[in-house]
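Keep the picture open while you try each one.

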Amino acid sequence: QVQLVESGGGLVQAGGSLRLSCAASGSIFSINRMGWYRQAPGKLRELVARITSGGSINYADSVKGRFTISRDNAKNAVFLQMNSLKPEDTAVYYCNALVILQSGRYLEVWGQGTLVTVSS
């Protein structure tokens with residue numbers, strides 16, 4: 001069993017910053033990639049940023065230059081620094097990981113989500 005636990009969401013004014021954290025625990029051998037997705041009311045879940053174990057990074061165009069993803073491989077953790085937040089960034093943010101279990105099996109895991117609300 002693998003769990004992702006997120007923290008760091010909240011309410012912030014436009015132009016402000018928040019930092020999201022996500023830590024994985026369980027029968028983990030290693031983690032291939034970790035990332036953040038978000039889902040706004042009435043919209044589909046979308047990729048925000050993703051980072052591989054080797055450090056390759058992808059960002060959604062809408063967050064490039066404002067958000068920074070990083071990870072701590074030793075702690076099986078991923079972080080999302082969000083600056084210059086806009087009201088359209090308001091969403092539930094989900095941590096995601098592609099985990100390699102001790103058994104050698106791959107497992108995609110999602111966190112429970114953390115709400116980010118940006119007021120105008």
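First, a word you'll need: buried means under 20% relative accessible area, exposed means over 50%, and partly exposed is in between (1.4 Å probe, protein chains only). This is a predicted model, where local features need pLDDT of at least 70 and side-chain atom pairs count only at pLDDT 80 or more, while totals for chains, interfaces and linings use all residues. Residues are numbered from 1 along each chain as its sequence is written, and side-chain values use heavy atoms, with hydrogens and water left out.

**Exercise 1.** Work out how many salt bridges the structure holds.

*Solution.* Start with the rule: a side-chain nitrogen of Lys or Arg must sit within 4 Å of a carboxyl oxygen of Asp or Glu. Now apply it: the structure holds five salt bridges. One of them joins Asp 61 to Lys 64, at 3.1 Å from N to O. Asp 61 is exposed, at 64% relative accessibility.

**Exercise 2.** Find the salt-bridge partner of Arg 66, and say whether the two are buried or exposed.

*Solution.* Step one: the partner is Asp 89, with the closest N and O atoms 2.7 Å apart. Arg 66 lies in the loop between β6 (57-59) and β7 (67-72), and Asp 89 in the loop between β8 (77-82) and β9 (91-101), so the pair ties together parts 23 residues apart in sequence. (Strands are DSSP runs of E, at least two residues, numbered from the N terminus.) Step three: both Arg 66 and Asp 89 are buried.

**Exercise 3.** Which residues are linked with Arg 66 and Asp 89 in a network of salt bridges?

*Solution.* Arg 38 and Glu 46 belong to that network too. Glu 46 pairs with Arg 38, their closest N and O atoms being 2.7 Å apart. Check accessibility: Arg 38 is buried at 6%, whereas Glu 46 is partly exposed at 36%.

How values were computed: Helices (H or I, at least four residues) and strands (E, at least two) are DSSP runs, numbered from the N terminus.
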